[in-house]
Amino acid sequence: MGSIKLLLANDKVEGIRYYEAYRKNGGYASVEKALNNLTPDEVTEEVKKSGLRGRGGAGFPTGMKWSFLAKPEGVPRYLVVNADESEPGTFKDRYLMEFIPHLLIEGMIVASYALGAHASYIYIRGEYAWIVDILEQAIAEAKQNGWLGKNILGKGYDLEIYVQRGAGAYICGEETALIESLEGKRGNPRIKPPFPAVKGVWGCPTVVNNVETIAAVCPIINMGGEEYAKIGVGRSTGTKLISACGNINKPGVYEIDMTCSVEEFIYSDEYCGGIPNGKRLKACIPGGSSVPIVPANLLLKTAKGETRYMNYESLSDGGFETGTMMGSGGFIVLDEDQCVVRHTMTLAHFYNHESCGQCSPCREGTGWMYKILKKIEYGQGELKDIELLWDIQRRIEGNTICPLGDAAAWPVAAAIRHFRDEFEWHITNPEEAQKRNFGLAHYADAREALV
Ligand SMILES: Cc1cc2nc3c(=O)[nH]c(=O)nc-3n(C[C@H](O)[C@H](O)[C@H](O)COP(=O)(O)O)c2cc1C
Ligand code: SF4
């Protein structure tokens, strides 16, 4: 298995970015099927049957999320597509929107129909400026051809889609911060409850879904939820886009079915094509910068020696203590030359910069973690700093308004858990660490993790 293509089946077809080629290759069939043959509730039912889980990071079941949407009489409802994609290492939504924009528009029409939304938004990260133009053109083409606007397919269903550009803040990917920003305010996360399903955009019931999640609705409706659920394994149904980067021969965006092993993904020519210059694998961050780093010995095999697979269950392996997460599918590979201390410091800087500052554990804690990591990286660390770092990350996790606090804490916790000896080496060999900027020689001697 491993090579089923549902979202990227036609991405190499010439002109697929434009309506004509997209339509010729089966585009908008799911809108025809949904509007002609299914009621809105039946569309939701198909999505439930498919087992689709949100592709934005948390993996929440999409059909269930849709069925939570409040439907008070006379109050509008909204679908908001989360195209903020600011998580370091994640660039799969960009690929979809840049090369197959109509797939997102098509999925949005079906999803909006299911939810009873008549105005839907794409909230896109500000840096994707050129993709805004691509999306605007696709929306105009869809409208010219009768897929948007009034009385779509003569079925009495009306829909408009609007694109809203963000201003470059990572926190605006968090769904309630996104809603605040969409409403023209500073993107501060809201306290939940109420959840967006009850009180979202303009105080109205709202579903926020990731770009890839909404694109996946097209194959689900075309093939039927039950057929979709047969692809993949367990609760990891369907296909997943993975953006792969770091020390690999073939960085890029790949569609996998979730029976693919991690080893196959890293080393096969179909995907990452192995590690350049014959270097060994040291570690990987499999789901975007927020998820825990995993050393090579736990990445390819579980602690029990079983094969690890590219899916939600296998990657998480019983929780954060021993495992990691599928997250948003931003797969970052580190070879033997990479320094975990430096890497963790870089991430800590990012989260400190992106904290919105509303809650003190996140606002202060991310700053402290960055300062301590900088101190260690630049040769001024003390062994007790490791315990201090551990203590700070523990006090952030679970104690904040939004999950950015957790996202800042987990990389630090995992780096210490799996690479404590490298931290100690940095501290006890400051001159060596300064000169070479990584503790690998020591690390390779001390552990058997390198593959
Ligand atoms: C700090 C932070 C940033 C996030 N960034 C994104 C993002 O860029 N794209 C995204 O789809 N979800 C992002 N999320 C998750 C969203 O809050 C939300 O769970 C997601 O859009 C729901 O869509 P899904 O159910 O289709 O995954 C982020 C969450 C946090 C806490
Ligand atoms: S956890 Fe951080 S980013 Fe989230 S609301 Fe609190 S301060 Fe803001």
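**Reading the model**

Biologist: Against which strands do the buried residues of H8 pack?

Modeller: The buried residues of H8 pack against strand E1 (78-83), strand E2 (119-124), strand E4 (157-165) and E5. Helices (H or I, at least four residues) and strands (E, at least two) are DSSP runs, numbered from the N terminus. The model is predicted: local features need pLDDT of at least 70 and side-chain atom pairs count only at pLDDT 80 or more, while totals for chains, interfaces and linings use all residues. Residues are numbered from 1 along each chain as its sequence is written, and chains are lettered from A and ligands numbered from 1 in the order in which they are written.

Biologist: How many residues of helix H8 are buried?

Modeller: A residue is buried if 20 or more other C-beta atoms, placed from the backbone, lie within 10 Å of its own, exposed if 12 or fewer, and partly exposed in between. In helix H8 (residues 175-182), 8 of the 8 residues are buried, so the helix is largely enclosed by the rest of the structure. Among them are Glu175 and Glu180, as well as Leu178, Ile179 and Leu182. Gly184, which follows H8, has a positive phi near 95°.

Biologist: What should I look for in the loop between H8 and E5?

Modeller: Most residues other than glycine have a negative phi, and most peptide bonds are trans. Pro193 and Pro194 both lie in that loop. The peptide bond from Lys192 to Pro193 is cis, with omega near -5°, and a cis bond also joins Pro193 and Pro194, with omega about 5°. Trp202 is found in this loop too; its phi is positive, near 55°. Trp202 has 13 C-beta neighbours inside 10 Å and therefore counts as partly exposed.

Biologist: Is Asn151 buried or exposed?

Modeller: Asn151 is exposed, having 10 other C-beta atoms within 10 Å. This residue sits in strand E3 (residues 149-152) and has a positive phi of about 50°, although it is not a glycine.

Biologist: Which residues have the most contacts inside the largest nonpolar core?

Modeller: In soluble globular proteins, nonpolar side chains tend to be buried together. A nonpolar core is a set of buried Ala, Val, Leu, Ile, Met, Phe, Trp, Tyr and Cys residues joined through C-beta atoms within 7 Å. Here the largest has 136 residues, and Val80, Val81, Leu104, Val110 and Val333 have the most contacts inside it. H17 gives the largest share of this core, 12 residues. Two residues are in contact if their C-beta atoms, placed from the backbone, lie within 7 Å. Setting aside residues up to four places away in sequence, Val110 touches Ser30, Val31, Ala34, Val43, Val217, Cys218 and Ile221.

Biologist: Where is the place of Met326?

Modeller: Met326 is in the loop between helix H13 (312-316) and strand E12 (330-335). Because Met326 has 26 C-beta neighbours inside 10 Å, it counts as buried. Beyond its neighbours within four places in sequence, its contacts are Gly59, Pro286, Gly287, Asn311, Tyr312 and Leu315. Met326 and Ile242 are 84 residues apart in sequence, and their C-alpha atoms are 9.5 Å apart in space.

Biologist: Into which domains is the protein divided?

Modeller: Domain bounds come from an automatic or database domain assignment. That assignment gives domain 1 (19-230), domain 2 (239-335) and domain 3 (340-446). The C-alpha centres of domain 2 and domain 3 lie 22 Å apart, and 9 residues of domain 2 are in contact with 11 residues of domain 3. The side of domain 2 that touches domain 3 has 7 nonpolar residues, 2 polar and no charged. Ala, Val, Leu, Ile, Met, Phe, Trp, Tyr, Cys and Pro count as nonpolar, Asp, Glu, Lys and Arg as charged, and the others, Gly among them, as polar.

Biologist: Which residues come nearest to ligand 1?

Modeller: A residue is near a molecule if its C-beta atom, placed from the backbone, lies within 6 Å of it. Of the 25 residues around ligand 1, Gly54, Gly56, Gly173, Asn210 and Thr213 come nearest. Strand E5 (206-210) and helix H17 (404-428) are the elements that give two or more residues to this shell, and E5 provides the largest share, 3 residues. Domain 1 and domain 3 each contribute at least three residues to the shell around ligand 1, which by class has 9 nonpolar, 9 polar and 7 charged residues.

Biologist: How many residues surround ligand 2?

Modeller: There are 14, and the closest are Cys356, Cys359, Cys362, Thr400 and Cys402. Helix H15 (360-377) and H17 each supply at least two residues of that shell. Its residues divide into 8 nonpolar, 5 polar and 1 charged.
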